[in-house]
Amino acid sequence: MPTNAEATAAEIERLLVGETAPGLAQLALTLAETMDERGGATAKANAGRELRAVLESLRKLAPVTAENDRVDELSSRRRRRRDRPA
């Protein structure tokens with residue numbers, strides 16, 4: 001299982017927001033590293049809450065990707081069927 005810092009870095013990379021919001025991305029990584037360090041439960045809970053908020057902000061900044069879902073797949077099939085010669 002990856003550490004919080006590794007998982008956060010992977011999410012930032014997947015979202016493609018490191019260049020767009022480098023400060024928020026670095027803050028997320030720092031908070032994730034704090035979660036991985038030894039320390040009290042209260043400090044980790046506070047860091048976790050802040051990390052969740054920062055990641056939410058980063059997700060809002062992420063560019064929209066063109067992922068096909070089930071509806072897109074069905075629409076594509078219908079379009080191909082209609083475009084076939086009779």
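**View 1. E11, R14 and R59 are linked in a network of salt bridges**. A salt bridge here is a side-chain nitrogen of Lys or Arg within 4 Å of a carboxyl oxygen of Asp or Glu. The model is predicted, so local features need pLDDT of at least 70 and side-chain atom pairs count only at pLDDT 80 or more, while totals for chains, interfaces and linings use all residues. Residues are numbered from 1 along each chain as its sequence is written, and side-chain values use heavy atoms, with hydrogens and water left out. By the salt-bridge rule, the count comes to four. As a reminder, side chains of opposite charge can pair when their charged atoms come close.

**View 2. The side chains of E11 and R14 meet in a salt bridge**. The N to O distance is 3.8 Å. Both E11 and R14 lie in helix α1 (residues 4-15), three residues apart, about one turn of the helix. Helices (H or I, at least four residues) and strands (E, at least two) are DSSP runs, numbered from the N terminus. E11 is buried, with a relative accessible area of 15%, whereas R14 counts as exposed at 58%. For these words, buried means under 20% relative accessible area, exposed over 50%, and partly exposed in between (1.4 Å probe, protein chains only).

**View 3. The side chains of E11 and R59 meet in a salt bridge**. Here the N to O distance is 2.7 Å. E11 lies in helix α1 and R59 in helix α3, so the pair ties together parts that are 48 residues apart in sequence. R59 counts as partly exposed, at 41% relative accessibility. Which residues does E11 touch, not counting residues up to four places away in sequence? They are L55 and R59, where contact means heavy atoms within 4.5 Å.

**View 4. E56 and K60 pair within helix α3**. Their side chains meet in a salt bridge with an N to O distance of 3.8 Å. Being four residues apart in helix α3, E56 and K60 are separated by about one helical turn. E56 is partly exposed, with a relative accessible area of 43%, and K60 counts as exposed at 66%.

**View 5. Helices α2 and α3 cross at roughly 150°**. Two packed helices are described by the angle between their axes and the distance between the axes. The axes of α2 (residues 22-36) and α3 (residues 41-61) come within 9 Å; axes are lines fitted to C-alpha atoms, for helices over the stretch in contact, and angles run from 0 to 180 degrees between N-to-C directions. The two helices are therefore roughly antiparallel to each other, a term for angles over 145 degrees. The crossing of α2 and α3 is left-handed, meaning that the near helix is turned anticlockwise from the far one by less than a right angle.

**View 6. The contact between α2 and α3, residue by residue**. From α2 come L24, A25, L27, A28, L31, A32, T34 and M35. From α3 come K44, A47, G48, E50, L51, V54, L55, S57, L58 and L61. By class, this contact has 13 nonpolar, three polar and two charged residues. Ala, Val, Leu, Ile, Met, Phe, Trp, Tyr, Cys and Pro count as nonpolar, Asp, Glu, Lys and Arg as charged, and the others, Gly among them, as polar.

**View 7. E37 lies in the loop between α2 and α3**. At 48% relative accessibility, E37 counts as partly exposed. E37 and N4 are 33 residues apart in sequence and 9.9 Å apart in space, C-alpha to C-alpha.

Definitions and conventions:
Angles under 35 degrees count as roughly parallel, over 145 as roughly antiparallel, 65 to 115 as roughly perpendicular and the rest as oblique.
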